[in-house]
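Please open the model in a viewer and keep the sequence at hand.

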Amino acid sequence: NLSLFKKEEYKMARIDAQLLLSENQAVTGTDANSNVIDLGSTGGFMHPLYFDVKLTTPMTSGKITKVKVQSAATEGFDSPADEVEVSVPDSLIQTRACTVAQFFSPIKYGNRYIRLVYTASEAVGGKVFAYMTDGIQVTL
């Protein structure tokens, strides 16, 4: 219930447009995200990156079942490394906008390109918004 929060305490995240992985991307089967992110020539990070995946348009049927982070040394993902795969709980109601997954993932050193791969089962109508960042701030 949002009425429990004082208005000034409820803030939106600031998201760098260069860190967007998916912006209202349709997900119907096993799909890689629409934007590949280039971490730069050294690739990888000492600390894990934070990923936030939201369903912005509800599913009319089916659901997203998994979200996987992949990294690669080449933009074409010729030999991708599977970094982390998150299973989405069966109990998550995806017939309305919701947070599908929020998690941290390490990135293999030397791999400079990042993408997400969504796996969906009989999914129709849903669209995803996803981004990554090097950290999060939680106001308590």
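**A guided tour**

Select Gln94 and Ile64: a polar atom of the Gln94 side chain lies 2.8 Å from the backbone nitrogen of Ile64. This is a predicted model, in which local features need pLDDT of at least 70 and side-chain atom pairs count only at pLDDT 80 or more, while totals for chains, interfaces and linings use all residues. Residues are numbered from 1 along each chain as its sequence is written, and side-chain values use heavy atoms, with hydrogens and water left out.

Remain at Gln94, which is situated in the loop between β6 (81-87) and β7 (98-105); strands (E, at least two residues) are DSSP runs, numbered from the N terminus. Gln94 has a relative accessible area of 3% and is buried (under 20% relative accessible area; exposed is over 50%; 1.4 Å probe, protein chains only).

Of its 26 residues, Phe51, Ile64, Val67, Val100 and Leu116 touch the most other members. At least two residues of this core come from each of β4 (49-57), β5 (61-72), β7, β8 (113-124) and β9 (127-133). The largest contribution is that of β8, with five residues.

Then select Phe77, in the loop between β5 and β6. Phe77 is not a glycine, yet has a positive phi of about 55°. Its relative accessible area is 6%, so Phe77 is buried.

Finally, move to Glu122 in strand β8. Its phi is also positive, near 50°, but Glu122 is exposed, at 68% relative accessibility. Most residues other than glycine have a negative phi.

How values were computed. Helix = DSSP H or I, 4+ residues; strand = E, 2+ residues; numbered from the N terminus. Polar contact = N/O pair within 3.5 Å; in protein donor to acceptor, adjacent residues only side chain to side chain. Core = buried A, V, L, I, M, F, W, Y, C linked by side-chain atoms within 4.5 Å.
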